[in-house]
Amino acid sequence: MTTRRKSPEDLRSYRWFGPDDLRAFGHRSRAMQMGYGHEDWAGKPIIAIINTWSDLNQCHSHFKQRVDDVKRGVLQAGGFPLELPAISLSEPIVKPTTMLYRNFLAMETEELIRSHPVDGVVLMGGCDKTTPGLLMGATSAGLPAIFLPAGPMLRGNWHGKVLGSGSDSWKYWDERRAGTITERDWLDIEAGIARSHGTCMTMGTASTMTAIAEAIGMTLPGASSIPAPDANHMRMSAAAGRRVVEMVWEDLTPDRIQTRDAYENAIAVAMAMGCSTNAVIHVIAMARRAGTPIGLEDFDRVSRKVPVIANVRPSGTTYLMEDFYYAGGILALMNRMRGHLHLDALTVGGTTVAQNIEGAKVFNDDVIRPMDNPIYAEGALALLKGNACEPRLLKHTGPAIVFDDYLSIKKAVDREDLDVTPDHVMILRNAGPHGGPGMPEWGMLPIPTKLVKQGVRDMIRISDARMSGTSYGACVLHVSPESFIGGPLALVKTGDMIELDVPARTINMKVSDAELAKRRAALPQQKPRYERGFGLMFTKHVRQAHEGCDFDFLETSHGAPVPEPEIY
């Protein structure tokens, strides 16, 4: 780095601890009350470690110990580490959906950083919404920051078969409903599908977003691929602690890293990885926080050029994240696709993408495919803006069967007398940001049991909800604007013919404009889901899916930057 290094008096924390006045005396004496001494902070960068560990977050259960590795690294580099807990957001546990609270975590992260006497920050996350939430908050706060990914868990196992998070849950649930596996089998799968701490080991939202965090330059090289139980993860955690201290002295802030080129790299890597559809919403929100407008057209443009080369389920056919790591990990994938990357983009290591990926090798060409032998010739979001579906469904016309809420569809799918065929288009509405509320992961609508018993495993499903990144199938998601506020799904009726043409990127109701206008005039006024508390704030300020679902008042373009707090 060629920029002037800070002096101890330039440190932000010096404003709290350095002056010879009564207020600084109070700060120092309270720190000493906790057992710290002047030698802990004097002349040293103070590093916040924002830890999203909790007793109810399975993905982050190792963070209780891993934070000590981060602290070790900070101390080795001459910094002073301080742990600041933040809301944890366990994806399968938090209801009605973690997406309701992503912006809550972003706000908490930003305010934790701004309100405390810290000079830099390590962000400990990985479970789906924690990566974008932490990065959005740290980007808005503007201090040197480095992201520490939780890492994927080990492969699942059942009767000698490899199990993948989420994906095999859906698969074997259908088999249980079809009567092809027993209750004992189901219980054994339950015990074998998640065998260690760490995030989903499929290419779900967690691994998608940590790969994106690395692609935009916010992690150490290769950090996003390391499995959570691997000893390399401990060493990487310590290295992140060491590096953030140097970033403070160098004043290497997120705005210098999160450029337009960085986000184009992130989209390209996401396409090559076979990403979760949730990447679209999160990347748009993250980029807007960085003052870098990214839109749906950027994803579609890149998806037409970048093939899927990571053979990781569910977009891939065979492997899981542990195999991806052994095959060379994200650095090897990025080196293989280097022609689609901005190689001079800066990263938190103070190095460029080109420097990070130089010499990275692929050790298994079936896990990380050559560019001329991809899983799919176009990126993951070219296929119905989602994961793989049957080719027969990429062009399809069929009658709609419409459900107004998830409870209705949950009850209906088990009815043997349900009037549904494989050609029907199942539609769930009122499941977006306002309607869900919070846009839950309901978009992989269950195939009706009567069809499952007939051997049907996929059909067209449309929703204004999201779906888990571990899901798969012919699902059209994130329909925006959502039906709850009068979006297009609100106008569909059961029996309407729906025409889908993925190559042409079109989806239409075969209903006249006059009839649609008549239906719109008759739409009822929806009652808000919340009338107080955080839910009311969410309702009043959340943007729609195509805009990233951030709060309008948090985007960089909204108002002047927040000033540093006065210290009196």
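User: Hi! I'm new to this one. Is tyrosine 319 buried or exposed?
Analyst: Welcome! This is a predicted model, and in it tyrosine 319 counts as buried, because its relative accessibility is 19% and the cut-off for buried is under 20%.

User: Where does tyrosine 319 sit in the chain?
Analyst: Look in the loop between helix 14 (296-303) and helix 15 (321-326).

User: And what does tyrosine 319 touch?
Analyst: Leaving out residues up to four places away in sequence, tyrosine 319 touches Asn311, Val312, Arg313, Asp366 and Val367.

User: Which residues is phenylalanine 363 in contact with?
Analyst: Setting aside neighbours within four places in sequence, phenylalanine 363 is in contact with Tyr326, Ala327 and Gly328. For alanine 327, the C-alpha separation from phenylalanine 363 is 4.7 Å, although the two are 36 residues apart along the chain.

User: Let me zoom out. How many helices and strands are there in the chain?
Analyst: The chain has 21 helices and 12 strands.

User: What does the C-alpha trace span along its principal axes?
Analyst: About 80 × 55 × 45 Å. The radius of gyration is 24 Å, which agrees with the value near 24 Å that a compact globule of 568 residues would have.

User: How much of the chain is buried?
Analyst: Buried residues make up 58% of the 568 residues. The accessible surface comes to about 22,300 Å², and 54% of that belongs to carbon and sulfur atoms.

User: What share of the contacts comes from residues 24 or more positions apart?
Analyst: Counting contacts with a separation of 6 or more, 77% are between residues 24 or more positions apart.

User: How does strand 8 pair with strand 7?
Analyst: Strand 7 (residues 395-403) and strand 8 run parallel and are joined by four bridges. Phenylalanine 403 stands opposite leucine 428 in strand 8. Strand 8 also runs parallel to strand 9 (residues 461-463), with three bridges. There, isoleucine 427 stands opposite isoleucine 462.

User: Which way do the side chains on strand 8 point?
Analyst: Val425 and Ile427 point one way, Met426 and Leu428 point the other way, and all of them are buried.

User: In what sense do strand 7 and strand 11 pair?
Analyst: That pairing is antiparallel, over five bridges. As an example, lysine 395 stands opposite aspartate 501 in strand 11.

User: Changing topic: where is there a cis peptide bond?
Analyst: One joins glycine 436 and proline 437, with omega about -5°. Proline 437 is in the loop between strand 8 (425-428) and helix 19 (449-452). Another cis bond runs from serine 480 to proline 481, with omega near 0°. Proline 481 lies in the loop between strand 10 (475-476) and strand 11 (497-501).

User: Why point those out?
Analyst: Because most peptide bonds are trans. Most residues other than glycine also have a negative phi.

User: So which residue has a positive phi near 60°?
Analyst: Leucine 89 is one of them. Leucine 89 is in the loop between strand 2 (80-85) and helix 5 (102-115), and is buried, with a relative accessible area of 4%. Arginine 505 also has a phi near 60°.

User: Where is arginine 505?
Analyst: Arginine 505 lies in the loop between strand 11 and strand 12 (506-509). With a relative accessible area of 28%, arginine 505 is partly exposed.

How values were computed: Residues numbered from 1 in each chain as written. Predicted model: local features only at pLDDT ≥ 70, side-chain atom pairs only at ≥ 80, totals over all residues. Heavy atoms only, no water. Helix = DSSP H or I, 4+ residues; strand = E, 2+ residues; numbered from the N terminus. Rg over C-alpha atoms; globule rule 2.2 N^0.38 Å. Buried < 20%, exposed > 50% of the residue type's maximum accessible area, 1.4 Å probe, protein only. Contact = heavy atoms within 4.5 Å. Areas by Shrake-Rupley, 256 points an atom, 1.4 Å probe, with all protein chains shown as cover. Pairing = 2+ DSSP bridges.
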